[in-house]
Amino acid sequence: MTNRPEPVATYRVQLSPEFGFVDVIGILGHLADLGVSHLYLSPIGTAMPGSTHGYDWVPPPQVSPDLGGHDGLHALRAAARALGIGILIDIVPNHTGVALVLHNPWFADLLRHGPGSRFARYFDADFSSDNGSDGRLALPILASDGDLSPLTVDPHGILHYYDHEFPTAPGTLGGTAIDVHERQHYRLVPWDSGIIGYRRFFTVNELAGLRQEDDSVYDATHAWIRELLDADLIDGVRVDHPDGLWDPMAYLERLRGDIGTDRLLYIEKILAADESLEPTLPVDGTTGYDQLRMIDAVFTAPPGVAELSEIHEHATGVPGDTHWLHDAQRHRKLTTLAEQFPAEHRRLVRALTHSDPTADSAGVADAVAELIADLGVYRADYPSLRPRLVRIAGQIAQRRPDLRNALALIVRATSTPGAPTSRLAQTCGAVTAKSVEDSLFYRTARLVSAQEVGGDPADPAVSLPTFHQHNVVRAGEWPRSMTASSTHDTKRGEDVRARIALLTQVPERWSMLVRRIWGIAPPPDRLTGYFLLQNVIGVWPVDGRVTADLQNRLCAYARKAARESGLQTTWTEVDEAFETALDEWIVTLTTGPAAELIGGLVHRIAPAWRQESLARKAIALLGPGVPDIYQGTEWFEDSLVDPDNRRAVDFQRSTAHPKTRLVGTALQVRRRHLPAFDPGGDYRPIPADGPAGDHTIAFGRGVVGEDDPRVIVVTARFTHSLHAERAAATTLTLPTGTWTDALSGADHRGLVDLGTLRAENPVVILTREPASTR
């Protein structure tokens, strides 16, 4: 067995043709200086032409020549290994890119030969007679009117619809292009027809789902990964969206068998606030959105959340409180299922009623919609979640007696593995993602920092005891699970969320700012404006200088956010007048009197923001789990949703930055005391006595069975109101011995007050020499 680096921290790098393997080699020295143990690469496979992210990979699966190919990966592996850094890769088993059909030979063959294609089993294709497309594979490409007159056939027998190109079956040429189209195994249908012939990634038609439950598909898509493993080029994998698969547990069991027990296995699994990771999964943990939510929540002031509910309703004219959010989430799921997933809904109902010809299909369709709306998790077919599905079905039956029989059928049909179980799970996950993260989170704005992947804006704050108890459990059950702070999928970067969450500490000043902005620069839509204003606060430069680049980024973000919400403009029905007004409003906000008002609030909360950004980072680095550092977040950064958060990083910035210094120091401490953080370590809350006790976040990391911790972290929350006299009157009792602050070098013993501990830095990392050297 190869001696692999122990996980201390991962560093996520976004690869692209402009930043490939050779460029990553150039930053390895910086990562080694930080103390990173593993390089965590975005997908490295060949992707669709022009791809900037790699999730639209195309067969045959192989290391992308655009990134440096096999030789580049070998060179990166050698350079990283020389510095003691391992490599994790991001793999994408759920889907493949089909935006340019002819660039995907598997999908092109499916279209050319239909059910007889050797790749037909690779895709979750629907050639059934009741698929709404006469038994042909429906491709939602056409304009709404379904006009086929733009079709042409070129001399090579390729069918063209504007920029789209499609293969034709042997022996089907001749006559008009429309005649040729009618002879194919596929049928072009209007984009908004609600008909599609293959499972997708969410609602992205350009990403076609794969059937990893089929052994031949698994082998075809994982042979290259086995080659990387055999060549010992990687130390683990991160699995993209396993909840989209037919049977995630079976897939992960097989993958674990391939990679072995000595390599790391992480899954991008989004957990609900009241959901635990399935304990029988053969993984090291999730990519860490569950921990992101908890860290964000402990820095969110509960009294301020209540006040923000009132401000939201006053500023927007609509509620944004907890009750409204619960109702809105349920409504969005029902609407999303009906409007964006009608084909998947029909296919699910067919699977549920297939073995019961007497079943009421309409009733089952209604019942399954209610169930998806109420389940509250991505998918409920994990063993530990089965009781949840049964319980929710019972609750719906009490509310809707007319659906009792249909619900009983669903519960029976999903009691064992099979099409009903998997299709319900896959549809539920897709509907949840599209209705909540990609819709509702743009339609409300009580506190947008909580409107995050895996977030819970209905209940965005947690108490200190709840936070500590969560960490105790996490350290015991999932000690190697990742801790995310920022990712390529977060709606806002960690420092942006930290700034916005501070509004819960200054709700009166925030309310005053909103009233004044609404007076001098009313937004074109109040809800959209209220949503955007919080994001503007989040990215506003502390020095107050708004560059043209930032202004352009905000305008681009505003357009994307407005289209995602679908309230005034959409991706498919763009309201150019509204979007122009939105651009003009952003310019007004970032110049003149409005900019002075915004800058004034940001300046006032800047000291607390700096403290709490560092405090959050310290907890992520030294709390339970393996911290994941997203590229560039070792400095303060201001990223918004993608593609903004995939911008190139300036790695030439000074490392004499408070956040960079914190990261390096924390990881050095973690390395020196690794047994306190690995699966043999534990998490120990440390109480603080005094008026600032609720402000104080203190914990120790130790080895199970040892009396005292080896590392102690002390920091604070709600720092805008943490006055010096209150900090001085709040004390912690340190275990016996002299404890040295790794950041300041100061020594502390016994009873020490919070003010003294934090005199030089907002974060205190204490270590003690072993008894034999004291």
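Tutor: The bend at a residue is the angle between two axes, one fitted to the seven residues ending there and the other to the seven starting there. In this predicted model, helix α5 (residues 215-230) has a kink of about 50°.

Student: Where is the kink in helix α5 centred?

Tutor: The kink is centred on His-222. His-222 is also one of the buried residues of α5, among them Val-217, Tyr-218 and Trp-224.

Student: What do the buried residues of α5 pack against?

Tutor: They pack against α2 (69-82), β3, α3 (105-113) and α6 (248-259). After α5 comes Asp-232, which has a positive phi, near 55°. Asp-232 also belongs to a network of salt bridges, together with Arg-4, Arg-77, Arg-81, Asp-235, Asp-262 and Arg-263.

Student: What makes the contact of Asp-90 and Arg-238 a salt bridge?

Tutor: The distance from N to O is 2.9 Å. The limit is 4 Å, so the pair qualifies. Asp-90 is in strand β3 (residues 86-91) and Arg-238 in strand β12 (residues 236-239), 148 residues apart. Both Asp-90 and Arg-238 are buried. The whole structure holds 59 salt bridges.

Student: How do you know that Asp-642 and Lys-560 form a salt bridge?

Tutor: By the same test: N and O are 3.2 Å apart, and the rule asks for a distance within 4 Å. The pair links distant parts of the chain, with Asp-642 in the loop between β16 (626-630) and α22 (658-672) and Lys-560 in helix α19 (residues 548-565).

Student: Why is Lys-560 called buried?

Tutor: Its relative accessible area is 16%, and buried means under 20%, so Lys-560 passes.

Student: Is Asp-642 buried, partly exposed or exposed?

Tutor: Asp-642 has a relative accessible area of 24%. That value falls between the limits of 20% and 50%, so Asp-642 is partly exposed.

Student: How far apart are the closest N and O atoms of Asp-644 and Arg-647?

Tutor: They are 3.5 Å apart, and the two residues form a salt bridge. Asp-644, at 11% relative accessibility, counts as buried, while Arg-647, at 32%, is partly exposed.

Student: How many aromatic pairs are there?

Tutor: The count is 19. In one of them, the ring centres of Phe-19 and Phe-651 are 6.2 Å apart.

Student: Why is the pair of Phe-19 and Phe-651 called stacked?

Tutor: The centres meet the limit of 6.5 Å, and the planes stand at 25°, under the cut-off of 30 degrees, so the pair is stacked. Phe-19 lies in the loop between β1 (10-13) and α1 (21-34), and Phe-651 in the loop between β16 and α22, so the pair ties together parts 632 residues apart in sequence. Phe-651 is buried, at 14%.

Student: What makes the pair of Trp-518 and Tyr-530 edge-to-face?

Tutor: The angle between the planes is 85°, and over 60 degrees counts as edge-to-face. The distance is 6.5 Å centre to centre. Trp-518 is in helix α17 (residues 507-520) and Tyr-530 in helix α18 (residues 526-539). Trp-518 counts as buried at 16%, and Tyr-530 is buried at 0%.

Student: How far is the charged end of Arg-499 from the ring centre of Trp-609?

Tutor: The distance is 4.2 Å, and the charged end sits over the ring. Arg-12 lies over the face of Tyr-40, 4.7 Å from the ring centre. The distance limit for a charge over a ring is 6 Å.

Notes:
Residues numbered from 1 in each chain as written. Predicted model: local features only at pLDDT ≥ 70, side-chain atom pairs only at ≥ 80, totals over all residues. Heavy atoms only, no water. Salt bridge = Lys/Arg side-chain N within 4 Å of Asp/Glu carboxyl O. Helix = DSSP H or I, 4+ residues; strand = E, 2+ residues; numbered from the N terminus. Buried < 20%, exposed > 50% of the residue type's maximum accessible area, 1.4 Å probe, protein only. Phe/Tyr/Trp six-rings, centres within 6.5 Å; stacked < 30°, edge-to-face > 60°. Lys NZ or Arg CZ within 6 Å of the ring centre and 35° of its normal. Contact = heavy atoms within 4.5 Å.
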